[in-house]
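The sequence and model are shown first, and the notes follow by topic.

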Amino acid sequence: MNKVFEPKLFTLLKSGISKEQLISDIFAGIVVGIVALPLSIAFAVASGVSPEKGLITAIVAGFIISLLGGSRVQIGGPTGAFIVIIYAIVQQYGIDGLIISTMMAGVILILFGLLRLGNLLKYFPHPLIVGFTSGIAVIIFSTQIKDALGLSLEKMPSEFYQKWVVYFSHVQEVNLYAVVITIATILITIYSKKTTTKVPGSFIAIVFITLVVQVANIPVSTIESFFGEIPNTFNFLLPNIEMENLYIYIAPALTIALLGGVESLLSAVVADGMISGNHRSNTELIAQGIANIVTPIFGGIAATGAIARTATNVKNGGRTPIAGIVHALTLLLIMFFFASYAKLIPMACLAGILIVVAYNMSEWRSFISILKGSPFDIIVLLSTFLLTVFVDLTVAIEIGIVLSSLLFMKRMADIGIKTPCHVDSDLLEDYSNLPEGVSIYEISGPLFFASAKQYSGVIKEIGLKSKILIIRMRHVPFVDSTAIHNFAEMIKTLQKSDVRLLLSGVNSDVLEDLKRHEITSLIGDENILDSFDEAVKRAKGITVAPL
């Protein structure tokens, strides 16, 4: 099998997995399974489908993604990012339309992987990703106000503005019991970490509050009052496909595929940073595609890599895909033996959990950080955010990509006029007198969203083989927030391996951007030098003195 497309599990099984690691993976998988239980139910309910569909998705898709994926630790399943899309598809096309769209998205993801487009999807600009992620978080929050306030509304408008008009017009109908339950859920979910890190706060909140509601017979809506019984079996669902109408599902399918692809690869990149690993992006896309083709047949919804659950897996010792497989099997056992009790969960409790999810998704710190940066990044961020909230996620992504490209061209044109740069590519400098353990890397040209990932990867690879790495930046006219985001992650990875980083020849505009985003404090002001000669002198001083 081509190594580019070989699942990580297969590679690890060939090299062997120690007994200690196997035990650690099993434990991590059980913990992640417990974490996934309330989230899977909450995501399904918020998406406008029955709760068991979330569990089925976490079980089937989670198993397939871990079995065939390109990441050691990725956990797959339903995610908050899909809530808005799935809800809109169900409202417009029904469950059959959702199944067809999801399966078509799976085919598109497989094609992305086979065409080796995995690296391209990682080049989405950081402001665009923060913009639509924050927009989705705001929409999720707005959809949960109805259950958080205990409002008995039969039908809600889909538009963001209209939702809030309805909420304010029915404020006199608020159920105070539901409000207390929502607040209690939020507080338990957030602050339970101070007493235990092994059992997730959302799970504690659901168990505790459901027991209190049942024992005290508190009059609030539950899953049962909305959806009835939760089945503990799988049903095979084959949609009625009319080939002549298949084209109408292309747009929603492409939206699912793009968002699923970006989300899963972002999650895998974050996981790589946590375990100092390298995922296979194209293998991951193919696994995501297979999962989205198979899962709807069993009654599930769209799935992708889940950043929060993947991070939980890593923090609890998971280092191989076995943890993800155990997570799926844990949920399967829970579904078989405890599904009948899940119907008792109050809707206000699920609303509280999703409000916490929305807060964590909002990336408000990154949002504020980008607002302090370049006007070009601010335009992309706010355009994507506002379009996501008030128009449509698909439109937001499309316009965000086009806008990013146009603004980049404008920025390059402006720089070309102000500071023409002529580099003699035939002039080679002599680095033979450098001290042992010192490496040089020069960046020529702008550090922007399309080149940031590649530069960071190469710098990381060179740096990890060195004691000191000097990065020459004399020909870098500007950096954007995507580059700064990737640069910061690269610096942290090198510093974990005790690699000292020096920058030389940074122009005043770039240096100002680095200061604004606290990159200079991360590197140390003393390690940012005006010239290459000064950087070499500094490196020689470090090699003489103890590191």
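**Sheet, helix contact and cavities**

Four strands form an open sheet in the order S3-S4-S5-S6, with parallel pairing. The edge strands are S3 (438–444) and S6 (528–529), each of which pairs on one side only. The model is a predicted one.

**Sheet details**

- Strand S4 (residues 468–475) pairs with strand S5 (residues 500–504) in the parallel sense, over 5 bridges.
- Ile 468 has Arg 500 of S5 as its bridge partner.
- Helix H19 (residues 452–463) packs on the sheet and touches S3 and S4.
- The direction of H19 makes about 170° with that of S3.

**Helix pair H2 and H15**

- Two packed helices are described by the angle between their axes and the distance between the axes.
- Helix H2 (residues 19–46) packs against helix H15 (residues 347–361) at an angle of about 100°, and their axes are 10 Å apart.
- Because angles of 65 to 115 degrees count as roughly perpendicular, H2 is roughly perpendicular to H15.
- On the H2 side, the contact is made by Pro 38, Leu 39, Ile 41, Ala 42, Phe 43, Val 45 and Ala 46.
- On the H15 side, the contributors are Met 347, Leu 350, Ile 353, Leu 354 and Val 357.
- By class, the residues of the contact of H2 with H15 are 12 nonpolar, with no polar and no charged residues.

**Cavities**

- The count comes to 3 cavities of 30 Å³ or more.
- The largest cavity holds about 100 Å³ of space.
- Its lining has 14 residues, and those closest to the centre of the largest cavity are Phe 376, Asp 377, Ser 404, Phe 449 and Asp 480.
- Helix H17 (375–390) and helix H18 (393–418) each supply at least two residues of the lining of the largest cavity.
- H18 gives the largest share of that lining, with 4 residues.
- The lining of the largest cavity divides by class into 9 nonpolar, 2 polar and 3 charged residues.

Definitions and conventions. Residues numbered from 1 in each chain as written. Predicted model: local features only at pLDDT ≥ 70, side-chain atom pairs only at ≥ 80, totals over all residues. Heavy atoms only, no water. Pairing = 2+ DSSP bridges. Contact = heavy atoms within 4.5 Å. Axes fitted to C-alpha atoms, helices over the stretch in contact; angles between N-to-C directions. Parallel < 35°, antiparallel > 145°, perpendicular 65-115°, else oblique. Nonpolar A, V, L, I, M, F, W, Y, C, P; charged D, E, K, R; others polar. 1 Å grid on protein atoms, 1.4 Å probe; cavity = no way out; pocket = protein on both sides within 12 Å on 5 of 7 lines; lining within 4 Å. Points joined across faces, edges and corners; volume = space filled by probe spheres on them.
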